[in-house]
Amino acid sequence: MKSRSKFPQGDQQKERTGECARSAPPGRRAGLSRGRGAHLAQLGLVVVMSIACHPGESSAGSAPTGDVRGGTSPSDAGVPAVSRPAAPTSLAATAAGSSAISLRWSASSSAASYNVYRSTTPGFTPGTANRIAAGVTSTSYTSAGLSASTTYYFKVTAANTGGESPASNQASATTTAGSAVAAEFFDDFSYTSTSDSRFLAWWSLRSWSGGPGVDGAQWLPSNISLLNDPSSAANKLLRLTATTNGSPTGSSHAEIMSADRKFGLGTYAARMKFYDTPLSGSRFLGDKPIETFFTITDYVDNDPNYSEQDFEYMPNGGWGQGNNSTMWLTSWETTTDKVSDHVSASYAGWHTLVLQVTSSSITYTIDGVQVATHAARFVPEAGQYLSFQLWFDELDTSQRSARTYYEEADWVYFAEGAILSPAEVDAKISALRAASVGRRDTVPDR
């Protein structure tokens, strides 16, 4: 699915059917019956018709329809109405750490699926605004992305084609206290420029050639810049650009990577702005740019300690998704062993990406919504770099006009050994900024 190219050791890379049953209109059916009766009467026969009416109905103008009474369409005969299911019972909630609560309940007969509702207010009324999941087909669910030390209340309903059941009993649980953060890394990119010595002490701008991406494209440090945030004069943003004129040699990529490879278990986060349309030039869906935030070790073929975790946004689609905007969540155990999930949707705009890496799982969330979880075997064994990257997987070579694609980052954060919920990450960033901390690094070297 992903195209990756080798790097020299020590380099880093990123890579309806059928017709409907019909019956004659009632007036026409009645006319046919009356016509047959008139003909029989002319023959001196007595016609006796028995027409059954439902309470409140009149027999005037009604036509006998065989075994179907009261003018019911034969196509509806023998089809029982579907009743909505009974409410689920025995809903129970159990805290599953500082940012998740697990739910279990007893099945409701005739249920096709279940809906889950959540609130921080007891006795709440389930509704669209507090529905957190729909179409759940099992009798369990985990609500993730929660705040630490907070009590949450839940209700579940069952659904089928007959409708939605009344709500279950209410269940509640309190998340555990958040993990203490002993060491952290934070950068809000408040530098004067990319030539600022403080910036260069923390970050490396790629200039060497090679994969991933189209062969022949350059990796240019000049494609990385710092600019004033148009929504906040006091804030700076990191911008990456990738350019092309439709030819590989007329294309360039960008990558910025932390100077230190020391990030392991813990919580990674970044606030990023993805774009569907180019900064300049026309959008050609044949171009397949990839806007990314990821972690990675040194790229060495078949290295058993290689690891990588990716947020990769493809605004013009690709990798089997046609031209549909797609977000990919991928974890690598080696350079050939990976697991990947994707979400087909536009992610244009600002988003908070959170990656929780424990000894037993890797969890990806976007704006507090869990989008992927990967198994323990993909957990990194060695220290990793933090990286942002923008590159082309394919080009529309029939279009020779210049165009520039881009992505931006507001800040990046890592909490060593601590698993923070997205809400806790937001609180951390707010606290750091309130204290006028532009950068902090207390993560020890590995």
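Modeller: A residue is called buried under 20% relative accessible area, exposed over 50%, and partly exposed in between. Please bear in mind that the model is predicted.

Colleague: Is Gly178 buried, partly exposed or exposed?

Modeller: Gly178 lies in the loop between β8 (171-174) and β9 (184-187). The limits for the middle class are 20% and 50%. Because its relative accessibility is 32%, Gly178 counts as partly exposed.

Colleague: Which residues is Gly178 in contact with, leaving aside its neighbours within four places in sequence?

Modeller: Contact requires heavy atoms within 4.5 Å. With neighbours within four places in sequence left aside, the partners of Gly178 are Ser98, Ala148, Ser149 and Glu424.

Colleague: What separates the C-alpha atoms of Gly178 and Leu420?

Modeller: Along the chain, Gly178 and Leu420 are 242 residues apart.

Colleague: In what order do the 3 strands of the open sheet lie?

Modeller: The edge strands, each pairing on one side only, are β1 (89-95) and β5 (140-144). The pairing in this open sheet is antiparallel. The order is therefore β1-β2-β5.

Colleague: Which residue in β2 is the bridge partner of Ala93?

Modeller: Strand β1 runs antiparallel to β2 (residues 100-106), and 5 bridges join them. In β2, Ala93 has as its bridge partner Leu103.

Colleague: What share of the chain's residues counts as buried?

Modeller: The chain has 3 helices and 25 strands. Of its 446 residues, the share that counts as buried is 46%.

Methods
Residues numbered from 1 in each chain as written. Predicted model: local features only at pLDDT ≥ 70, side-chain atom pairs only at ≥ 80, totals over all residues. Heavy atoms only, no water. Pairing = 2+ DSSP bridges. Helix = DSSP H or I, 4+ residues; strand = E, 2+ residues; numbered from the N terminus. Buried < 20%, exposed > 50% of the residue type's maximum accessible area, 1.4 Å probe, protein only.
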